[in-house]
Amino acid sequence: MLPPQMLLRRIDGCAAWPLFQRQISVVAGTKVMTRSNRELHPLWLRERCAGPASVQWETVQPLHQPHELPVDLKITSARVRPGGGGGAQLMSVTFSDGHTSVFGCDALEAESEDFFSHGIQQKDIALPNIHLWDANSGAAVARYSYDDLERGTPKFMLDLTTSLLKDGHAILEGVPCFDKELMSVAKMISGFHGGSSVRPTNWGEVFNVRSIPDGDLKDLAYTSERLYPHVDNPYRDPNPGFQLLHALENECTSGGLSLAVDGFAVAGRLRHENPEWFELLTKVASRWENDGGDRSTAMVHFAPYIQIDSTSGRIVQVRYSPKSGGYFPALSDPQMMENLYAARRQYSQLLDSDEYAVHFKLNKGDLWIFNNLRVLHGRSEFNPNEGARFFQGGYFDMDAVTGAYFRAKYKLAN
Ligand SMILES: [Fe+2]
């Protein structure tokens with residue numbers, strides 16, 4: 001049982017720790033300490049100064065360059081006092097260059113504890129907690145109606161984008177089966193003005209997935225072969241964020257099922273079972289390759305199989321696509337090479353295991369949207385003689401979705 005002065009706070013849906021309701025405190029007049037006993041650096045504090053000499057008042061954008069501040073900036077005095085009502089506290093800090101800033105203690109505390117959820121130019125930058133899934137827990141992919149997307153209420157947009165960010169994917173039903181319709185869908189979601197919201201690639205604004213080449217462009221996807229779980233375009237820089245895959249026709253009855261794997265869940269499992277192998281896959285940059293589809297160019301990108309945020313250690317991207325290489329460099333340490341190949345073998349086995357594979361059929365008019373940096377996709381082999389199977393795909397960026405999420409969230413909050 002926790003004492004009453006403690007609160008439980010959940011971060012990322014997985015970690016919980018107590019926060020004492022002690023306020024930010026000043027030790028010896030110049031040391032600013034958080035509740036968790038972290039000393040706040042003078043420059044860290046100063047770059048959060050929202051006074052008229054530091055930021056443009058409307059946008060809160062900084063007016064100065066970092067090198068204009070003294071390199072040895074110090075706090076000469078700091079004082080916490082009540083302010084703002086509701087028990088909120090303010091802190092006045094005077095720095096060694098004579099500047100005085102006033103901060104809200106709660107905002108400093110919150111940001112120092114969770115850098116990823118509390119901003120300066122917009123306070124609320126918290127994304128939904130990620131929900132990891134496997135074959136069982138992820139079996140029911142969230143489905144939404146295209147008609148509701150057209151209406152585009154903030155509540156609907158929040159629900160849809162929450163699914164996309166939390167689960168990594170969702171399916172829109174009843175999307176009109178017109179050529180390039182996915183481009184309109186991308187625009188409706190992103191809310192971006194002008195032009196197109198999809199990101200053109202060497203495969204075009206959209207690409208056509210049938211059992212024949214897409215024009216002159218050839219790829220394993222443009223056959224009826226089984227497609228093992230993979231992410232798209234790891235050879236591009238940057239890798240495409242979200243993919244939209246629209247089923248314009250699907251008359252297959254015995255195959256051609258779509259397949260989804262939560263790459264974050266798999267990478268997390270590898271980290272738990274073999275931290276050293278996990279780390280190797282985050283450290284060694286592999287080479288991802290493609291010939292442009294028609295051997296006219298080289299698309300090459302160097303990046304690790306698993307990417308983590310170096311501050312928090314969170315997994316932020318997985319890469320895996322045997323057809324795109326993922327070749328390792330020739331390292332001089334033989335043992336490291338052994339470990340690297342062993343690590344990739346386990347990673348590959350997990351990604352390809354039934355334990356994580358979610359199968360579903362995309363019916364005509366379904367449009368599957370998935371985070372290409374997290375959710376691997378594939379399909380079972382199909383028989384093109386059973387009937388037409390015609391999917392159209394395209395990409396839009398991560399911020400098309402995160403921007404739509406915050407826009408809906410702020411509208412509802414107001
Ligand atoms: Fe693909």
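Predicted model: local features only at pLDDT ≥ 70, side-chain atom pairs only at ≥ 80, totals over all residues.
The chain contains nine helices and 22 strands. Its C-alpha atoms fill a box of roughly 80 × 60 × 50 Å along the principal axes. Two domains are assigned, domain 1 covering residues 6-113 and domain 2 covering residues 143-413. The C-alpha centres of domain 1 and domain 2 are 40 Å apart. Of the 414 residues, 31% count as buried. Among contacts with a separation of 6 or more, 71% are between residues 24 or more positions apart.

Nonpolar side chains tend to be buried together in soluble globular proteins. In the present model, the largest nonpolar core has 67 residues, and Leu244, Leu367 and Ile369 are those with the most contacts inside it. When neighbours within four places in sequence are left aside, the contacts of leucine 367 are Ile171, Leu172, Val175, Leu182, Val185, Leu244, Leu245 and His246. A second, separate core consists of ten residues, including Leu40, Met91, Phe103 and Cys105. Cys105 also belongs to helix 2 (residues 105-113), where Cys105, Leu108, Glu109 and Glu111 are buried. The buried residues of helix 2 are covered by elements that include strand 5 (75-82), strand 6 (89-95) and strand 7 (100-104).

Two packed helices are described by the angle between their axes and the distance between the axes. Helix 8 (residues 334-351) packs with helix 6 (residues 263-273) at an angle of about 140°, the axes being 10 Å apart. Helix 6 is therefore oblique to helix 8. The crossing of helix 6 past helix 8 is right-handed. On the helix 6 side the residues involved are Gly263, Val266, Arg269 and Leu270, which meet Gln346, Tyr347, Leu350 and Leu351 of helix 8.

Helix 8 is also approached by helix 7 (residues 275-283), with axes that come within 9 Å and cross at roughly 100°. Because angles of 65 to 115 degrees count as roughly perpendicular, helix 7 and helix 8 are described in that way. Here Glu276, Trp277, Leu280 and Leu281 of helix 7 meet Asn339, Leu340, Ala342, Ala343, Arg344, Gln346 and Tyr347 of helix 8.

Phenylalanine 360 is part of strand 19 (residues 358-360). Phenylalanine 360 counts as partly exposed because 16 other C-beta atoms lie within 10 Å. Beyond its neighbours within four places in sequence, phenylalanine 360 is in contact with Val141, Leu257 and Ser258. Its C-alpha atom is separated by 28 Å from that of glutamine 307, 53 residues away along the chain.

Some backbone features are found in loops. The peptide bond from aspartate 237 to proline 238 is cis, with omega near 0°, and proline 238 is in the loop between strand 11 (227-230) and strand 12 (242-250). Alanine 28, although not a glycine, has a positive phi of about 55°. The loop that holds alanine 28 runs between strand 3 (25-27) and strand 4 (31-33). Alanine 28 has 6 C-beta neighbours inside 10 Å and so counts as exposed. Asparagine 37, a residue other than glycine, likewise has a positive phi, near 65°. Asparagine 37 is placed in the loop between strand 4 and helix 1 (42-46). With 10 other C-beta atoms within 10 Å, asparagine 37 is exposed.

Terms used
Residues numbered from 1 in each chain as written. Domains from an automatic or database assignment. Buried ≥ 20, exposed ≤ 12 C-beta atoms within 10 Å, placed from the backbone. Helix = DSSP H or I, 4+ residues; strand = E, 2+ residues; numbered from the N terminus. Contact = placed C-beta atoms within 7 Å. Core = buried A, V, L, I, M, F, W, Y, C linked by C-beta atoms within 7 Å. Axes fitted to C-alpha atoms, helices over the stretch in contact; angles between N-to-C directions. Parallel < 35°, antiparallel > 145°, perpendicular 65-115°, else oblique. Left-handed = near helix turned anticlockwise from the far one by under 90°.
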